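Please look over the sequence and the structure shown below.

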Amino acid sequence: MAAALVAGALRRGRAGGARYVAAETLRRLVSTLVVAEHEGGLVKPSSLSALAAAEAIAKENKVSLLLAGSGPTLHKAAEHAASSHPLVNEVLVADSDVFAHPLAEPWAELLRSVQQKGGYSHVIAPSTSFGKNFLPRAAALLDVSPVTDVTAISEPRVFVRPIYAGNALCTVRYTGENPCMMSIRSTSFSPNTEPVSETKVAPITQVDLSFLSEASSGKSSWINLTSQETERPDLANARVVVTGGRGLKSAENFKLLEQLAEKLGAAVGATRAAVDAGYVPNELQVGQTGKIVAPELYIAFGVSGAIQHLAGMRDSKVIVAVNKDADAPIFQVADYGIVGDLFEVLGQLLEKIPDKK
């Protein structure tokens, strides 16, 4: 009996050793393409988090960063990308009016062309509306299956992602052909904050766009972009988020929340119920089908705490909930809770918090 146990342990040890060797071999062979977003001449924070995910795959990772668009802001963003992370080996720039707007068809064709020439083992994009739009189409063109919403990377092909609206975490192993394509939750990967030395600034290379045709961009067209002009921080990257639910009862009452946000230098969020009721536009929705946020402070007014909403904010550092229902599910995840009338609490906060200078 004892001999059998020892033999079994040895077999398991050899199997574990083989897995370790395989993982280390994969790490040495890793090369990653990060598909990045940019705005105002800078790479977006969500894309910088994608670079952190590339580093989590392998410290020796050879990373190429792909930017597309047109005009001077694209080239300014490329200069920013070149010094954004020590692992970036090159910045690939696709300069064409076709990429002026994030349409899935031309972006998917671009990614297929770059992948066929570069032969990358991994392709990473942020799990934003941009990434969710083009990544599945590009994966279909390359005949691979993407892994979505990755929150942790255990090995080059072993990932953790949430399931059941974030109530469970699933560990998955990718067993398909290269490239292993994935979208990552930017809130789970902290971007590099250390300055990159001038000797490590990556070269910038123009992408050959001869593959472009009318067929690649003719199935959809850009009409316009409607957004609110505001000086408040972007919801997905804000340090403080103030969110309102159906308990606010009207769009007029949401203006009280906006006043508090201005005093705190915070972004404004909303539940799906508040968005469906027409209180605020859907770009402010936080949750499984909206924005995923993880601010340092999350304040929820009149939010019951539906599973779909909790999936989008449960990683917040400190959660404060205000609700008149003491049994509301939001209190189960809150660090601090106030059971009371949200309008009274809002009124006191607006009265006592000074205006932001």
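What follows is a short account of the chain, one of its helices and a helix contact.

The model is predicted. Its chain holds 10 helices and 17 strands. Of its 357 residues, 45% count as buried. Among contacts in the chain with a separation of 6 or more, 68% join residues 24 or more positions apart.

Helix H4 covers residues 104-118. Burial is counted here as under 20% relative accessible area. On that basis 11 of the 15 residues of H4 are buried, so the helix is largely enclosed by the rest of the structure. Among the buried residues are Pro-106, Leu-110, Ser-113, Val-114 and Gln-115. Just after H4, Gly-119 has a positive phi of about 60°.

H4 packs against helix H5, residues 129-141, at an angle of about 55°, and the two axes lie 8 Å apart. That angle makes H4 oblique to H5, and the crossing is right-handed. On the H4 side the contact is made by Ala-104, Glu-105, Trp-107, Ala-108, Glu-109, Leu-111 and Arg-112. H5 contributes Phe-130, Asn-133, Phe-134, Arg-137, Ala-138 and Leu-141. By type, the residues of this contact divide into eight nonpolar, one polar and four charged.

How values were computed: Residues numbered from 1 in each chain as written. Predicted model: local features only at pLDDT ≥ 70, side-chain atom pairs only at ≥ 80, totals over all residues. Heavy atoms only, no water. Axes fitted to C-alpha atoms, helices over the stretch in contact; angles between N-to-C directions. Helix = DSSP H or I, 4+ residues; strand = E, 2+ residues; numbered from the N terminus. Parallel < 35°, antiparallel > 145°, perpendicular 65-115°, else oblique. Left-handed = near helix turned anticlockwise from the far one by under 90°. Contact = heavy atoms within 4.5 Å. Nonpolar A, V, L, I, M, F, W, Y, C, P; charged D, E, K, R; others polar. Buried < 20%, exposed > 50% of the residue type's maximum accessible area, 1.4 Å probe, protein only.
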